[in-house]
Amino acid sequence: MTSTPSQQEPIQPLPVAGYVWVWLALMVLLGLTLASSYIRLDGFNTAVNFVIAGMKAGLVAYFFMRLRSGDALVRIAAVIGVLWAFTLTALTLVDVLTRRP
């Protein structure tokens, strides 16, 4: 038997201390992004910044978009969206990197 939205348990919000920790983590990642712009990593600056941006996006999605307590279908939709973004990025990179001058 499937449950209707009125029968589901209410979503428990994150305590204020949890939001503070997430905010602090986002601020640390922001500092890392800023620091990486001053450190010369040759061609790896972009890759490092993409990894940091992915971590920030993951924190926002998990805590503020409530994927932490969402249904399985919502989590699957989020994963499919991320996979689709990776696919489009990979296809764009293949096109750009295989062009001849």
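S36 sits in helix 1, where helices are DSSP runs of H or I with at least four residues, numbered from the N terminus. The structure is a predicted model, in which local features need pLDDT of at least 70 and side-chain atom pairs count only at pLDDT 80 or more, while totals for chains, interfaces and linings use all residues. Residues are numbered from 1 along each chain as its sequence is written, and side-chain values use heavy atoms, with hydrogens and water left out.

With a relative accessible area of 5%, S36 is buried (under 20% relative accessible area, with exposed meaning over 50% and partly exposed in between, for a 1.4 Å probe and protein chains only). Its side chain reaches the backbone oxygen of T33 at 2.8 Å. Leaving aside neighbours within four places in sequence, S36 is in contact with N45, V48 and N49, contact being heavy atoms within 4.5 Å.

A polar atom of the N45 side chain lies 2.6 Å from the backbone oxygen of S36. Not counting residues up to four places away in sequence, N45 touches S36, I39 and R40.

On the helix 1 side, the contact is formed by Y19, V22, A25, L26, L29, L30, L32, T33 and S36. Across from them, helix 2 contributes N45, V48, N49, I52, M55, K56, L59, V60, F63 and F64. The residues of this contact divide into 14 nonpolar, four polar and one charged; Ala, Val, Leu, Ile, Met, Phe, Trp, Tyr, Cys and Pro count as nonpolar, Asp, Glu, Lys and Arg as charged, and the others, Gly among them, as polar.

Helix 2 itself has 20 residues and spans 28 Å from its first C-alpha to its last, close to the 28 Å expected at 1.5 Å a residue (1.5 Å times one less than the number of residues). The buried residues of helix 2 are N45, I52, A61 and F63, and helix 1 is included in what covers them. After helix 2 comes R66, with a positive phi near 60°.

Key: Helices (H or I, at least four residues) and strands (E, at least two) are DSSP runs, numbered from the N terminus. A polar contact is a pair of N or O atoms within 3.5 Å; within protein, one must be able to donate a hydrogen and the other to accept it, and residues adjacent in sequence count only if both atoms are side-chain atoms.
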